[in-house]
Amino acid sequence: MSNNLILHSTIKGEGKPLLILHGYFGMSDNWKTLGNQFSEDYQVHLIDQRNHGRSFHEDEFNYEVLVEDLHAYIQHYQLEQVHIIGHSMGGKTAMLFAVTYPNLVDKLIIVDISPRQYQPHHNAILAGLNSIDFSVENSRSKVDKKLASLIPELGVRQFLLKNVYWKEKGQLAFRFNLESLTDNNIEIGEALPSFTVFEKDTLFLKGEKSNYITKDEEPIIEAHFPNSKIVEIKNAGHWLHAENPKQFYDEVSTFLK
């Protein structure tokens, strides 16, 4: 794999590698603050997955290729026995990677997602993003105003607006590959393949106010990850690492030690 197809990352600190994978429409920058904290004890790799952040854009987008991207990254940097934190879509990538390449993974932390299939539920977000014409919405405030008609939640819009950047003077663009994410949206909800198991220590963190991991998901988590535990992050929804970073940091640090 050529270097231009190696995932973009920011690497901080020294020690055992700790790889962090963001969620759908996210990027490594979302994890900068926690990454700095973890880098006091680990070599932290804040990774942009394909079609996100500063990584390469490709038409093909599914968990199998995301796993192979991560495998190529680990080989490129000659890493062994890594810890992985994966949030939402990144958690799905991390789960499939762990069952595919268990000998490369030491401990696994999955953030507010389970192995089951999820129905596509990003239609309003995709409709909002695809409604943007940067020749008309030529400032962040205009982009936000246009998005607001389809995405009323301010927090979601602020999260998405982090992907808006000046591609060149006077020309805004999205960092993510919107065309591929739109075409392949159904892939995001895919389940972990049946009868796949990761035997090593795994921590599932779920937001108290989120419905991504409920009692219903506990049997499927147990089936795929027999040495796992589920911990609830208080006063937090799906973006628990941003909403309660202190408890998040404490739970992860305790688990990894």
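Which helix gives the largest share of the lining of the second largest pocket? That share, four residues, belongs to helix 6. The model is predicted, with local features requiring pLDDT of at least 70 and side-chain atom pairs counting only at pLDDT 80 or more, while totals for chains, interfaces and linings use all residues. Residues are numbered from 1 along each chain as its sequence is written, and side-chain values use heavy atoms, leaving out hydrogens and water.

**Largest pocket**
- The largest pocket holds about 570 Å³ of space (a pocket is an open set of points on a 1 Å grid over the protein atoms alone where a 1.4 Å probe fits, with protein on both sides within 12 Å along at least five of seven lines; lining residues have an atom within 4 Å of a point).
- Its lining comprises 34 residues, and H121, H122, I125, Y212 and W239 are the closest to the centre.
- Two or more lining residues come from each of helix 3 (89-100), helix 4 (123-130) and helix 6 (154-161) (helices are DSSP runs of H or I, at least four residues, numbered from the N terminus).
- At least three lining residues come from each of domain 1 (9-118 + 190-256) and domain 2 (122-184), with bounds taken from an automatic or database domain assignment.

**Second largest pocket**
- About 350 Å³ of space lies in this pocket, the volume being the space filled by probe spheres set on grid points joined across faces, edges and corners.
- There are 16 lining residues, with N30, K162, W239, H241 and A242 nearest the centre.
- Helix 1 (32-38), helix 6 and helix 9 (240-243) each contribute at least two residues to this lining.
- Domain 1 and domain 2 each provide at least three residues of the lining.
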